[in-house]
Amino acid sequence: MCNITKETTFEAISTVIDPEVGFNLVEMGLIYDAIVDEACNVHVVMTLSTQGCPLHQMIKQWVGEAVEKLEGVGSVDVEVVWEPAWNISMADKNVKKALGGM
Amino acid sequence: MTPVSQDFAPPLKLIAPFFDFGVLFYLLSMLALLFFEPTFSYQQMDVAGWVHLFLLGFVMMIIFGAMAQLIPVVLEVGHVVVDVYYIILPLLALGTVVMVLGFWLMPALLPYGGLLVLIAMIIFAFENIATLKKTELRTLTVDTVAWSNGYLLLGILTGFALALGLSGDLGINVSLMLKAHVYAVLGGYVILTIMGLSLTLIPMFSLAHGFDETAVKRAFKLVILSVALVFVGAVLGFEWLMMIGYALSFAGIFFYIWQIYIIAKLTVRKELDVWAKSIIFAFVTLLLSILFSIVYFITEQETALHTSVWFLLLGFVTFFIIGHLYKIVPFLVWFERFAPLVGKEKVPMLHEMYNKEGAAMMFWFTSAGVLLGGAGLLFESGILFKAAGSFLFTGAVFLYITMKKMLAYGE
């Protein structure tokens, strides 16, 4: 029986902070989905705020490492996608407010 | 998918000295400015010496360091031989010093300094071109990198011919060759590179997305064509061709500013940090530069041309570079010293890695100096120009100190 859910996966990823803006990836709206199968293998679908991000590989690695800390997790796979493209409307209210976007 | 960058990222110890030396040369050039008067001719050797101290020592040095880091980001491939940057730095630094001494004290030194700079830039341009050949990307930014490096080669070859001409070793028309040299280096390399970098860096730091790039595509094409026309016109002595080139470059810069306006409208991040203030000031001074160049073309007043060039170099180019230093340097230091600690211990945010009061003092002193200097040149006022020099030098001291602290953060 796998106890890992999409919610617990998002919670784990929320420990990863973007060092440029200072918010975690979940509240930035960069994590699109987390698919957990019966064997507790996790597939994270995420994006980045810019395609030229020099931290691309590193952020992907941090997300993977954060999910691997979940108890009982199987394999972890992180996929970065560019569609749909990220925009500020995907971020939490506190992020929008802090960035001055509302 | 774009697997970019840190696999290809050069180490901090390779890039940091470019910023260190660049800021030192900036400090020296602002110090030297205190000894200049607002009335001068572009063909004065001491003025040429100052321009090379500023453009080679500061502008080129910083751009080369930044390109070492950004070329892999833009092209999505690693450098062919990144270690050449260890050779480029001392050659460029020494070549700049020898050239400036040549302009100021002993013209016979010019070809030697020029040769050192020529070798540094040829290595830089050929390494970039070799790296360009590796990429499969065919974006406009990639094409712009190719064109700008081609113009850099033309610029340094004409520059070397000028060095030989000024030292008496080569019989050339110095005035026309100077125009070809200035346009190839300043328009063909510096401005094209800044335009290309703008399109990557400004949306990245301001979190602007989904904008139409038609304007900047037109801008790139117009500036590339205008530099070619002015260069050929200057080499062949066709004044009319140069005039068409000047007109096209105005149109190109107009489209570039229009593109920046489009990006600015979509900016998510409204925080006015030192980067945002610097970028705003850079574009205000670019507009002032355009305004005074139009005044020059109408009135043929030399003071308007001096003021225009002043706002272009000390305003636009300087603030574009300095503003980005407060973003790029903390990132490089963080990436080297703190990224491996993520998840293991608390790491600083990038904005915590520079002294905000020092950066604010840098901004206010430097921007006041730029505006006073522009007024000093326009009205040929020695007092205003000396005041500008004092403000700029004080701003440069703040830049130097904050930069040193950023580079030493977490050591």
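Biologist: On what basis are the residues and chains labelled?
Modeller: This is a predicted model, in which local features need pLDDT of at least 70, side-chain atom pairs count only at pLDDT 80 or more, and totals for chains, interfaces and linings use all residues. Residues are numbered from 1 along each chain as its sequence is written, while chains are lettered from A and ligands numbered from 1 in the order in which they are written.

Biologist: In what order do the three strands of the open sheet in chain A lie?
Modeller: Strands of a sheet pair through backbone hydrogen bonds, either parallel or antiparallel. Here the order is β1-β2-β3 (chain A), with mixed pairing. Strands (E, at least two residues) and helices (H or I, at least four) are DSSP runs, numbered from the N terminus; two strands pair if DSSP finds at least two bridges between them. The edge strands, each pairing on one side only, are β1 (31–36) and β3 (76–80) of chain A.

Biologist: How many bridges join β1(A) and β2 (residues 42–46) of chain A?
Modeller: Five bridges join them, in the antiparallel sense. In β2(A), His43(A) is the bridge partner of Ile35(A).

Biologist: Which strands does helix α2 (residues 56–68) of chain A touch?
Modeller: This helix packs on the sheet against β2 and β3 of chain A. Contact requires C-beta atoms, placed from the backbone, within 7 Å. Leaving aside neighbours within four places in sequence, Val63(A) has contacts including Val44(A), Met46(A) and Val78(A).

Definitions and conventions:
Two residues are in contact if their C-beta atoms, placed from the backbone, lie within 7 Å. Axes are lines fitted to C-alpha atoms, for helices over the stretch in contact, and angles run from 0 to 180 degrees between N-to-C directions.
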